[in-house]
Amino acid sequence: MTTLHDLVPPQSGYSYAFLDPFAKRELRRRTLKAVAIPGYQVPYASRELPIARGWGTGGLQVTLALVGPESVVKVIDQGADDSVNAANLRRFIMRMSGAATTTDTLAATIIQSRHRIPEERLRPGQVLVLQVPDPEPLRRIEANIARARQMHADADYGQMWLTLYEQIVRYRQYVEGASYPVLVNQRFVMSPSPIPRWDTPMLHQAAHLTLLAAGREKRLYAVPPYTDVRPLEFEDVPFQIEDQAGWVCRHTGAINKFMIEIPQEDGSALYELSDTGYAEKLAARQRGEQPVIGPTYYDDQGRFYHDGYLKPPAFPDI
Amino acid sequence: MTDTLSRPPSPTSNGFTPDPPRLVAYRPLVQVRGLTRWYGRIRAVDSVDLDVYPGEVLGIVGESGSGKSTVMRLLNLQERADAGDYRLDVPELAGQNLLALDRFAARSVRSTYIGIVYQNPNLGLRMGYTSSGNVAERLLISGERRFAALRAAARSALDASEFPLDRMDDPPRVLSGGMQQRVQLARAIAPKPRLLLLDEPTTGLDVSIQAAVLDTLKRLQRELGVTMLIVSHDLGVIRTLADRVVVMRYGCVVETGLTDQILEDPQHPYTQQLVHAKL
């Protein structure tokens, strides 16, 4: 008779992809639950990792639970593949799992990201893992987490809408910069991690799976493929993405992609693409090479790929 | 056949049917039976029965600690009752004991059919948000998602409670006590509730402001025809507003009757003491 003992892998000091099998099994179960209830925050046992809490431990644990030897991993930090944090995480995942790494969005199977979604459209089968500092969208209006969970259970989001009302009364527009609250699958209000408003629409009816994990707060949640994700907006005051009209990338000449601003000594500013992997491909094309560039979420005229999702701005009378 | 003919003619058989008195024809909007609430070993509310008819103003008087405010909180479904039956006569809630509803259903009943004004504005208002936002929140909870409509509703509710509209975007924190009560009132009436609960709405205001707020309440009652339940220990307030009075002591109803009846000719010794107590 087969006993449980026979099924357990032989004890060894090291384990594939750093986490022990039981930790990975727990993470995968939690991930499945999160996928089953889009936008719902599932508690999980966040493990210690050789990086500090707050530096992407949530995302890293999910990546380690998913990764296999044939995976191709891309790690980005605010759009950049080459920041210290992204490079460290990428090297760690590579050493622990033997997976290949890339900076090409199209080649990757797992993309772990801090605060950005790549410009090129993700395709079915790809997994985007977002690092989340604060998973609770109600944190600012309800300090008590137990009470906030009850509000989620009751879909009691009146006060959340009230904060939007207050913003319009004061500023005639929504002023939430990053981490704009969204309603997932018409049910849960979710914090999409601090991605800019530019990236928020990319989660709507996306072909890829998005997993969001907070290591310090021990919560993970998900947006499954082809799920409705709508920013909280009044019917007559549409949600707006960042206005970057006229911003041109200083390296590639690209327009209508998310840029970062580089202030100059004389008070002016230069701009460059936030997504370095995409910028690299554009630069290669300019050098005469022929990189494979996928379709992007926003085209060169700034139109979003889901028609009618983004509406022209309206400034209501107060 | 002969049997019918032999019967004496009925007095109304000539086609004239007199209207029954209105209170007989009307069914009470609020029906409460055996409402009971314990706080540990103390019985704060002891099997209270109440009937409130549509458009009526029912006053509840009694000394501090008699259970008046607890009755209000129970009727607002914000606190669990230990026993009792509470029905609102609206088609959507026919045959439902509101005390048995779960948290989610109770919230929806509270936001649709009931408005409340507390003595302490801190309980009813968000002091850091705008006054108009406080009013609009009630509509946001019931699903209004058009900013212009929210704005218009907040404006008209604040206007109805005679709040100066040029200050509608000031937070209640910076408003006077009387104005805070007007914001609470606007917040309560904004979703057009069937039942308005007023828990000592004018206590703590000075006499002239108190008179102005009472005026507003009377006018609103006349114009909206909303059913009101008002709790007060101030018999002057009750005399001004209430049609009928319930006297409470130690969590029990000791006497009930028309306002004039109770205040001019109290029967129960406690009511006599209450009416004649003067400093």
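Two residues are in contact if their C-beta atoms, placed from the backbone, lie within 7 Å. This is a predicted model, in which local features need pLDDT of at least 70 and side-chain atom pairs count only at pLDDT 80 or more, while totals for chains, interfaces and linings use all residues. Residues are numbered from 1 along each chain as its sequence is written, and chains are lettered from A and ligands numbered from 1 in the order in which they are written.

Begin with both chains, where 15 residues of chain A are in contact with 17 residues of chain B. Helices (H or I, at least four residues) and strands (E, at least two) are DSSP runs, numbered from the N terminus.

Now turn to chain B, where three strands form an open antiparallel sheet in the order E2-E1-E4; two strands pair if DSSP finds at least two bridges between them. Strands E2 (42–52) and E4 (83–88) of chain B stand at the edges with a single partner strand each, so one side of each has no neighbour in the sheet. Select E1 of chain B, residues 30–39, which five bridges join to the antiparallel E4(B), and find B:Arg33, which stands opposite B:Asp85 in E4(B).

Finally, select helices H8 (residues 177–189) and H9 (residues 207–224) of chain B, which pack at an angle of about 15° with their axes 10 Å apart. Axes are lines fitted to C-alpha atoms, for helices over the stretch in contact, and angles run from 0 to 180 degrees between N-to-C directions.
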